[in-house]
Amino acid sequence: MTSTQIDGLMPVVIMMIAAVVLFVGGHFASVLLSPKKPTLQKNTPYECGEVPVGTAWSAFNVRFYVVGLIFIIFDVESVLMFPVATVFNQLVKEGNGIFILVEFLVFIVILITGIVYCWKKGDLDWVRSYQVSSQKQVASKAKKVSA
Amino acid sequence: MNQTIVSYLAQYEFFDFLIKIFGENSLLLTTLIFAIAAGVFVAVAATIGGLGTYAERKISADIQMRLGPNRVGPYGLLQFLADGVKMITKEDVMPNSADKFLFYLAPMLCLVGVFATLAVLPISSGFTLVDLNVGVFYLIAISSLVGLGVFLGGYASNSKWSMLGGMRGASQIISYEIPVTLSVLAITLTAGSMSFGNIVSQQEGFITNWFIFHNPFSFLAFFIYFVGAMAETNRAPFDLPEAESELVSGYHTEYTGMRFGFFALAEYIEVFVVSGVAAALFLGGYNLPVHVSIDILPIQFIQVTILVGKALALYYVIIWVRWTFPRLRVDHLMSICWKYLTPIAIFNLIGSAIWMVAFRGQSIVQILGH
């Protein structure tokens, strides 16, 4: 009675601690056993034998940001759908099947609208920006030639 | 109330004896049991992860008509221990320009994310560390830590290859999480529960009771889940974050020694976890093919064997796929996820919902049986 009603999250915390302990232990063993002879060349980032030029922390392609944004939208939607999915069966058995189905579909249609919008905007195409610019260039060249 | 290994053991007589020893201090007893169970879990998982590297090399050798590792121990079985010793004794190199704190943190995040998912992996009806009532949800949420670890590993190294690998890894892992989540959602909808114990117990009995054969949509959901899980664990043909022919070694280019080892260990354990979850959600989990009403300890061990067997079969398939298919291109990867898998998963979810309403939650076998 007493010990069985412990919060279920305790094993989760213990597993996380176990992972940290394993990591720190392995790291500690490696510090004890491994050689430590750093040189300037050894500690430069690997760039196929060349001396690295500049830092890697520079501006990055904006496509990754767009992917992140789309992900957040979908992730929040799926988070909101989990409770509905859990009680879905129960409501069907109570006779509210059509009601819950329509509610569910309305929600999913909003989701589908989102993905269709992204698709039409071209945000799901990975190489989109290059294609557009090259097509524009081809079009402007064709105009010049015709003129 | 969450079913845990402690509440399972509490039904046996020796537990009363333990309570007598510990007296009123039952919290200590619970913590101790959890700690011992967690220790066993970690040891078994690390062994499975280590043997995973061995299996990978041996199966690839088999597919490519080579011999594979065969020097250390019988059939080279102890190769992973030799590799572990080698990694511990290797020099730990860190680039001078790296972000030192994040560089340390990244492999640990991967390991923590994977080990935390092990806590809800339903290996048997009693020995599961904890059967959370939001188990599936928790699993999807906590496994995102691995993506964070991959990205931070690439970012903190301050190397261009690592940065490219980390960025690819982050975008790939978060993208493929959507189809995986939606296909798991279809199963949640079919089972009407987020707890692993409940989902597995509904699949009790013969193969026809498995959720993969529940309706055509759950059949499809299994394959979406499996492809998505393969991409989420960075397994070939989706191993773009560490594509060795383009990015040297991707996000762990700058990692050496034990820290690289932890990245590898986390990856191999994660493959086992996603195989185990696929087995639990779709392939009947730990259920025996016949109904057993008595609940004794040997039954529990048989259940563990059944689940681990199913998981290892899927593990074999994942390794087999790696050595059979070529790697995808990064734009193909994204279009497969967003233009194929995600729409299919959404319509799969709608189909499951309509099926549940139209046939009042009956499986296809039940309908055909009438």
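Biologist: At what angle do α1 of chain A and α3 of chain B pack?
Modeller: Helix α1(A), residues 10–33, and helix α3(B), residues 26–63, pack at about 50 degrees, with axes 10 Å apart. Axes are lines fitted to C-alpha atoms, for helices over the stretch in contact, and angles run from 0 to 180 degrees between N-to-C directions. Helices are DSSP runs of H or I, at least four residues, numbered from the N terminus. This is a predicted model, where local features need pLDDT of at least 70, side-chain atom pairs count only at pLDDT 80 or more, and totals for chains, interfaces and linings use all residues. Residues are numbered from 1 along each chain as its sequence is written, and chains are lettered from A and ligands numbered from 1 in the order in which they are written.

Biologist: What do you call that orientation of α1(A) and α3(B)?
Modeller: The two are therefore oblique to each other. Under 35 degrees counts as roughly parallel, over 145 as roughly antiparallel, 65 to 115 as roughly perpendicular, and the rest as oblique.

Biologist: Which residues of α3(B) make the contact?
Modeller: B:Phe34, B:Ala35, B:Ala38 and B:Val42. On α1(A), the residues include A:Met10, A:Ile14 and A:Leu22. Contact means C-beta atoms, placed from the backbone, within 7 Å.

Biologist: Switching to chain B, how far apart are the axes of α10 and α13?
Modeller: They are 9 Å apart, and the angle is about 150 degrees. α10(B) spans residues 216–232 and α13(B) residues 330–358.

Biologist: And how are α10(B) and α13(B) oriented to each other?
Modeller: Roughly antiparallel, therefore. Their contact includes B:Phe217 and B:Ile224 of α10(B), and B:Asn348 and B:Trp355 of α13(B).

Conventions:
Contact = placed C-beta atoms within 7 Å.
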